[in-house]
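Here is a short briefing for a first look at this structure.

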Amino acid sequence: MCVSLAPAEFTGTTLYCGRLHHPEHGLIHVLGYQNTAANLADGPNAMLLHLPARQMSRRNFLSVGRSSDVLERMVDAVRPVSVGLVDDSIAWMGAAQGPAVEVFEHDVYTVVLARDPRAVPAALAEVPEHRRPALNPELFAFYAERCPAHAIAVCCFDNAEAAQAKPLLMWYPPHDPDVLTLPALDCHTGAVPDPDALVDTDHWVILGTDEAPDGWGSPVDHDPAMRHALRSYLPDTVVGRHFGGPLRNGDFAISHEALLRVGEEGVTRVGVF
């Protein structure tokens with residue numbers, strides 16, 4: 001589930017969002033994203049993620065290092081017990097600080113990170129040619145209108161690198177600390193997404209919080225060799241659910257209050273609006 005700048009196929013997506021009080025950054029959200037990408041374009045391509053962040057820069061992107069199975073371990077934690085999300089709690093939803101736009105290398109990607117989507121087209125000129133996708137200005141005008149005050153991350157890759165990507169993991173101070181949002185707007189053709197369309201889904205939605213009470217969720221068996229700096233951004237327990245089949249195009253969101261009820265009640269239905 002994502003938007004691409006040229007034709008592509010994305011399967012096996014995992015979306016993670018966690019809320020935590022970090023010792024250095026305070027109350028933040030952490031977003032994780034991973035999929036299997038098949039680039040159907042003749043040249044380079046890119047994934048586009050919109051983030052409800054008050055400020056972001058390259059330092060907000062976390063390196064997973066050798067712990068490239070960090071999101072797989074979260075899925076493994078919830079898969080056997082089929083922990084679900086509380087009914088009507090998670091919604092399928094239709095910053096002035098930091099640099100206006102940055103271009104930097106992260107894993108196999110060249111990332112264009114912009115405070116305003118309309119700054120992306122000019123910044124693509126700084127992306128190495130072998131990773132620079134074709135440009136659709138209408139796409140960035142769409143995001144400027146539909147997602148005001150969202151940071152935009154355009155993760156550019158070439159054909160050979162698509163299958164080698166490690167999971168993306170990033171942190172940010174969110175617009176609303178008490179609502180966890182996971183970007184899931186979908187369009188794999190390079191065109192402007194249709195918010196009213198039904199789209200096929202094949203992904204896990206995983207959620208965590210450092211305020212979880214005893215007995216909440218399923219414990220995650222994190223890599224024992226994981227760096228302490230990375231571990232400080234990750235939860236001890238998670239809840240989640242797999243989505244397959246058609247859903248209305250848009251993002252996921254859940255209030256922190258509803259998230260805390262999920263683990264306590266252990267229900268398996270999900271509200272989708």
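Keep in mind that the model is predicted.

**Strand E8, face by face**

- E8 is covered on both faces.
- One side carries Ala151, Ala153, Cys155 and Phe157, and these are buried.

**Partners of E8**

- Strand E4, made of residues 45–51, pairs with E8 through 7 bridges.
- E4 and E8 run antiparallel.
- In this pairing, Ala46 sits opposite Cys156 of E8.
- Strand E7, residues 109–114, is also antiparallel to E8, with 5 bridges between them.
- Here Val112 faces Val154 of E8.

**Nonpolar cores**

- The largest nonpolar core holds 41 residues.
- Met47, Leu51, Met56, Phe61, Tyr109, Leu168 and Leu207 have the most contacts inside this core.
- Take Phe61 as an example: beyond its neighbours within four places in sequence, Phe61 contacts Met56, Phe104, His106, Val111 and Leu113 among others.
- The contacts of Phe61 also include Ala153, Leu168, Leu169 and Met170.
- Another core, of 22 residues, lies apart from the largest one.
- Leu20, Leu169, Trp204 and Leu230 are among the residues of this other core.

**Asn35, a buried residue in E3**

- Asn35 belongs to strand E3, which spans residues 26–39.
- Is Asn35 buried or exposed? Its relative accessible area is 16%, and the cut-off for buried is under 20%, so Asn35 counts as buried.
- The side chain of Asn35 makes a polar contact of 3.0 Å with the side chain of Tyr33.
- Leaving out residues up to four places away in sequence, Asn35 touches Cys2, Phe10, Thr11, Gly12, Thr13 and Met47.
- Met47 is also one of the residues with the most contacts inside the largest nonpolar core.

**The whole chain**

- The chain contains 5 helices and 14 strands.
- Of its 273 residues, 56% are buried.
- The accessible surface is about 11400 Å².
- Carbon and sulfur atoms account for 49% of that surface.

Technical notes:
Residues are numbered from 1 along each chain as its sequence is written. This is a predicted model: local features need pLDDT of at least 70, side-chain atom pairs count only at pLDDT 80 or more; totals for chains, interfaces and linings use all residues. Side-chain values use heavy atoms; hydrogens and water are left out. Helices (H or I, at least four residues) and strands (E, at least two) are DSSP runs, numbered from the N terminus. Buried means under 20% relative accessible area, exposed over 50%, partly exposed in between (1.4 Å probe, protein chains only). Accessible areas come from the Shrake-Rupley method with a 1.4 Å probe; for residues, only the protein chains shown count as cover. Two strands pair if DSSP finds at least two bridges between them. A nonpolar core is a set of buried Ala, Val, Leu, Ile, Met, Phe, Trp, Tyr and Cys residues joined through side-chain atoms within 4.5 Å. Contact means heavy atoms within 4.5 Å. A polar contact is a pair of N or O atoms within 3.5 Å; within protein, one must be able to donate a hydrogen and the other to accept it, and residues adjacent in sequence count only if both atoms are side-chain atoms.
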